[in-house]
Amino acid sequence: MTLTPHPALHPVFETFGYVIGYLLYRRSRGSSGDILEDDQRWLIIAAAAVGALVGSRVLGILEQVPVSRITWASLVAPGGGKTIVGGLLGGWIAVEVVKRFRHIQSRTGDLFAVPLCVGIAVGRIGCFMAGLADGTYGTPTRLPWGVDYGDGIPRHPVQLYEIGFLAVLGWLLWKWGKRPHAPGILFRALMAAYLAWRLGIDFLKPDPHVAGINMIQWACVAGLIALGASDLRIMRERRSVQPN
Amino acid sequence: MFSLINNGKRSGLAKATAILATGFGISFGLCGLNAIVIDSVQSNGWGFLIVTAYLELAAMIICAVGLLIIAVIAIFRALRRRKSADRESSQP
């Protein structure tokens, strides 16, 4: 298959991704209710948006460390990329910081789990359409479904693999959300599954490596360790609350 | 946007921040690159997409300025709150 790249469609699909994700979040908040007041919820959303913006940019630039020199100017110069992993981790950290400052104890991410899956999947259509310019294509392959992004080399369409993965993950989380579940578990499951997926699938991307894996994979490893550590903390908290 | 900030509720600033940060995030990613790429797509009938490049540029500037204004308002509000709290605590 040969693709005619259209990088200008990337922001269009990215915008669709945000809009569809937000509409889904509104719908699930309306149907399942929210443990947070409006004020608190908007504060969480704002923290997530700013954290995602910074995180995606910083990791997007760090990804290029092995091949280009990084300056402070590269943080604010247009172009140069963003990454979903950086966005998720940055958003997560920012929300935890704001929750600590505002003394919000409850787990707040469940409402975002399915909307994030759908939003990222829609945004990935734009990454696929953008072709080589987006930098999210896969390594060369001889498999029959390899896609020629315009340079005459069939490559793994990793964006399409990810759309398929997110469709399955979103469906599973949606089914799980309909059953009784511990607060926060859906978001943590999304983070664990997505970070593990990226840790694996990024071996099919030609990004520059640092000590055997690329910077996004290192961020996934760090995120998974942080997730595991905070899971242990939650389990300890629950155990201490439960009567003997 | 100004009605969002001045709507009297505490969520106004947060809402505006979320919208502007998202807008900035979308527009910041491929902007600049788009302007270069548009040249190549203009010849094969996709020239209308030049609009997205200009939209991105406009969104980038508007959202960045908006975020700066919000930061200033937030600092101003925090200072005013602290002043009034000091005044209340100093009253006998």
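User: Is A:Gln217 buried or exposed?
Analyst: A:Gln217 is buried, at a relative accessible area of 0%. Buried means under 20%, exposed over 50% and partly exposed in between, with a 1.4 Å probe and protein chains only. The model is predicted, so local features need pLDDT of at least 70 and side-chain atom pairs pLDDT 80 or more, while totals for chains, interfaces and linings use all residues. Residues are numbered from 1 along each chain as written, chains are lettered from A and ligands numbered from 1 in written order, and side-chain values use heavy atoms without hydrogens or water.

User: Where is A:Gln217, and which residues does it touch beyond four places in sequence?
Analyst: A:Gln217 lies in helix α8 of chain A; helices (H or I, at least four residues) and strands (E, at least two) are DSSP runs numbered from the N terminus. Beyond four places in sequence, A:Arg198, A:Leu199, A:Asp202 and A:Phe203 touch A:Gln217, contact being heavy atoms within 4.5 Å.

User: What surrounds A:Thr141?
Analyst: A:Thr141 sits in the loop between α5 (110–130) and β1 (147–148) of chain A. With a relative accessible area of 11%, A:Thr141 counts as buried. Its side chain reaches the backbone nitrogen of A:Leu143 at 3.0 Å. Apart from neighbours within four places in sequence, A:Thr141 contacts A:Gly146, A:Pro154, A:Arg155 and A:His156.

User: How many residues are in the largest nonpolar core?
Analyst: In soluble globular proteins, nonpolar side chains tend to be buried together. A nonpolar core is a set of buried Ala, Val, Leu, Ile, Met, Phe, Trp, Tyr and Cys residues joined through side-chain atoms within 4.5 Å. Here the largest has 27 residues, and those with the most contacts inside it include A:Val85, A:Leu166 and A:Tyr194. At least two residues each come from α4 (84–101), α5, α6 (158–178), α7 (185–201) and α8 (215–241) of chain A. The largest share, 8 residues, is from α7(A). Beyond four places in sequence, the contacts of A:Tyr194 include A:Ile84, A:Ile120 and A:Phe165. A second, separate core of 25 residues includes A:Ile44, A:Val95, B:Ala16 and B:Met60.

User: How do α1 and α2 of chain A cross?
Analyst: Two packed helices are described by the angle and the distance between their axes. The axes of α1 (residues 9–32) and α2 (residues 38–62) of chain A come within 14 Å and cross at roughly 150°. Therefore α1(A) is roughly antiparallel to α2(A); under 35 degrees counts as roughly parallel, over 145 as roughly antiparallel, 65 to 115 as roughly perpendicular and the rest as oblique. A:Tyr22, A:Tyr25 and A:Arg29 of α1(A) meet A:Asp38, A:Arg41, A:Trp42 and A:Ile45 of α2(A).

Key:
A polar contact is a pair of N or O atoms within 3.5 Å; within protein, one must be able to donate a hydrogen and the other to accept it, and residues adjacent in sequence count only if both atoms are side-chain atoms. Axes are lines fitted to C-alpha atoms, for helices over the stretch in contact, and angles run from 0 to 180 degrees between N-to-C directions.
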